[in-house]
Each structure stands twice: as C-alpha cells, then as structure tokens.
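Biologist: Hello! Could you walk me through this model, one question at a time?

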Amino acid sequence: MTFQQLREFCIVSQYENVTKAAETLFITQPALSMTLKKIEAEVKLPLFDRRGRYIYLNDNGKMFYRFASKTLKEWDILLEKFHEPESYHDLLRFCFTAQYIPDYILPMFSANNPGIPISMKEADEKLIVPFLENEVCDVAISSFCPDGLDAKGLVSTFFFRNRLLVSVPTDNPISGRRSVQFKDLHSEKFIRLSKKGEFTAEVNEQSKEHGVTLTTLQLVNYEVIKILQNNFDFLYFVTSLQAEFDHVPLNRRLIPVEGDRFVKDMYILYMEKNKEKVQPFIQWANSRLGLKARREDRDNL
C-alpha cells in the first residue's frame, strides 16, 4: 500500500463521493475505484458502505481513516523537514494560527531585525506540537496552549491578551459606550473586511443567533480599506492585536465586545533547545507591545 493510495482513500472518505473525489485528484473514477478495491483487498476487510453514487465509511473504515490521516500528516512533516535546504539553518521559522500574524506582526519584526531571516507558515492547532517537536518550525504563535508542556520539552510564553473590538464611526450612538454586547449590534450595518481571524467562529455563531448581517468584501486591498474606513459609516470587527499594528482612523472608536468567548490569551511556543534562537523575537515582542505590564493592567480591570 502506497502513501498515494492512502491519500486517495482519505479524499474519498471526506467527499463520500467517488466522482467528486476523482475530479479533485485529477484521475478517472474507474482508477480511483480500483484503488479502493486494492486497499480493501489488502486489509481483508470492507471499509465502505455503498449507496448509489455515495460511499460511506463503515466502522472498519473509520478506524482505518484515523490511521491513514495520522500517517499522512506525519509523512508530510517528515518530507518538509528533509526537503529543507541546508542554507536555512539560521532561518527563524514561524508557524501561526491567525492571519494577522503574517500580515502585521512578523513583517514588522523582520523590518526591525533585518539580520534575522524568517519564514512563515500557517498551521492548524493540531499540528503545532508535531511541527515544533519535528523541527518543521522553531516557534509558534497561537491561542492554543497544550497541556504537559514540560514533559514534552515545550515552553510557553505569554504573548498577548487578544480581544474582539468593533470599529464604530464617532457619529454612531454606540461610539459613546465603553463596551457592547453582541445582541446590541443586530440593527447595525456591518462589513467583514477579512474572512479569517482569531474570533471568526465565535463571530459567525453569534451573528446567526442575534441576526447580525455581515457583508464580506472580496479582493479589497489595504489602501481601499483605509478609504472605506474614513468615508463610510459601516461597522466592522477587529482584534486588539490588529489594532496595535494597523491604521485606526481618527473618525472611529474601537469598542470591546463583552463576553469571555471574545477574549483569548495568545502564546509563543517553542522547544527548550531552541530558546536562544527564539529569544530575539520574545525580546522584540515585549519591547514593542509592553506585554507583561499590559497583561497585569488588564487583569486588574
């Protein structure tokens, strides 16, 4: 059984449709069906229940899928590690789970530290620990902080207490408030300036529950966003970390959204053996954001 066969099995399992899976893989449906038959013949067990055009994992298939997906993740990590050029030895490799990390924080760190080459890689929270343990990345920035850090040789340092804010024009009645609840926003005109963010899942859930309509702007660059912010009366969500680095127009106020779900502590994670390599970034973050004092101040609010 090959890794390619495992990958094709996983794609079919996700689509539950051989035709769609074949289109995604750019192979013919008969070829993909033959791969599935070979896998089932090799494990000597049926892995799917077939109903017309659709195909569903049975209990054996679900167990095999867990094995296959885990194996493929570890294989991809191994390949990336071995394909890394030797010239990248001094590279400080970041992985992250929030889009504004590569948009704001890391470019500014790089500009302030031109002698430190960096690379950036978005990662699912589940991959952060294996990425660090297998040296795919040197440092991770995320709200995810796994248990048992000491036992695994992982170190976690507080990075930032991130909050969801709403950007409100100063002539909007809400602008005079110290904070708002999500239910207070149902009658306001919202535009989503980014599909991804630290609180995307929470915003989507609360928008549906409280009837807040979010209109997403497509393919809008930074200069257009600045014009929209200055000249139109819509509201939009932003995080406090974004606000530290991004342009905040004078005609707007940033107001915190109430609720524990709209506050997340973010961390810098790395392996103990990489402490010296990661230290320049930690020092820069503390210097740029004043994080330690700021966290104590906010905890006392």
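**Loops, helices and cores**

Modeller: Gladly, and let me begin with a glutamate: at 31% relative accessibility, E16 counts as partly exposed, because buried means under 20% relative accessible area, exposed over 50% and partly exposed in between, with a 1.4 Å probe and protein chains only. This is a predicted model, in which local features need pLDDT of at least 70 and side-chain atom pairs count only at pLDDT 80 or more, while totals for chains, interfaces and linings use all residues. Residues are numbered from 1 along each chain as its sequence is written, and side-chain values use heavy atoms, with hydrogens and water left out.

Biologist: Where does E16 lie, and what is its phi?

Modeller: Helices (H or I, at least four residues) and strands (E, at least two) are DSSP runs, numbered from the N terminus. E16 lies in the loop between helix 1 (3-15) and helix 2. Most residues other than glycine have a negative phi. The phi of E16 is positive, near 55°.

Biologist: What is the phi of E135?

Modeller: E135 sits in the loop between helix 6 (125-133) and strand 5. With 28% relative accessibility, E135 counts as partly exposed. Its phi is also a positive value in a residue other than glycine, near 60°.

Biologist: How are helix 2 and helix 3 oriented to each other?

Modeller: Axes are lines fitted to C-alpha atoms, for helices over the stretch in contact, and angles run from 0 to 180 degrees between N-to-C directions. The axes of helix 2 (residues 18-25) and helix 3 (residues 29-43) come within 9 Å and cross at roughly 105°. Angles under 35 degrees count as roughly parallel, over 145 as roughly antiparallel, 65 to 115 as roughly perpendicular and the rest as oblique. Helix 2 and helix 3 are therefore roughly perpendicular.

Biologist: Which residues in helix 3 meet helix 2?

Modeller: Contact means heavy atoms within 4.5 Å. From helix 2 come V18, T19, A21, A22 and L25, and their partners in helix 3 are Q29, L32, S33 and L36.

Biologist: Is E40 buried or exposed?

Modeller: E40 is found in helix 3. Leaving aside neighbours within four places in sequence, E40 is in contact with L45, P46, L47, F48 and R50. At 13% relative accessibility, E40 counts as buried.

Biologist: Which residues have the most contacts inside the largest nonpolar core?

Modeller: A nonpolar core is a set of buried Ala, Val, Leu, Ile, Met, Phe, Trp, Tyr and Cys residues joined through side-chain atoms within 4.5 Å. The largest one has 27 residues, and those with the most contacts inside it are F94, I101, I105, F159, L241 and F281. Elements that each supply at least two residues of this core include strand 3 (92-96), helix 5 (100-112) and helix 11 (275-289).

Biologist: What kind of aromatic pair do F94 and F281 form?

Modeller: Rings of Phe, Tyr and Trp (its six-membered ring) pair if their centres lie within 6.5 Å; planes under 30 degrees apart count as stacked, over 60 as edge-to-face and the rest as tilted. The structure holds 13 aromatic pairs. F94 and F281 stand 5.0 Å apart centre to centre with 75° between the planes, so the pair is edge-to-face.

Biologist: What kind of pair do F159 and F281 form?

Modeller: Both F159 and F281 are buried. F159 is in strand 6 and F281 in helix 11, 122 residues apart. Their centres are 6.2 Å apart, with 25° between the planes, and the pair is stacked.
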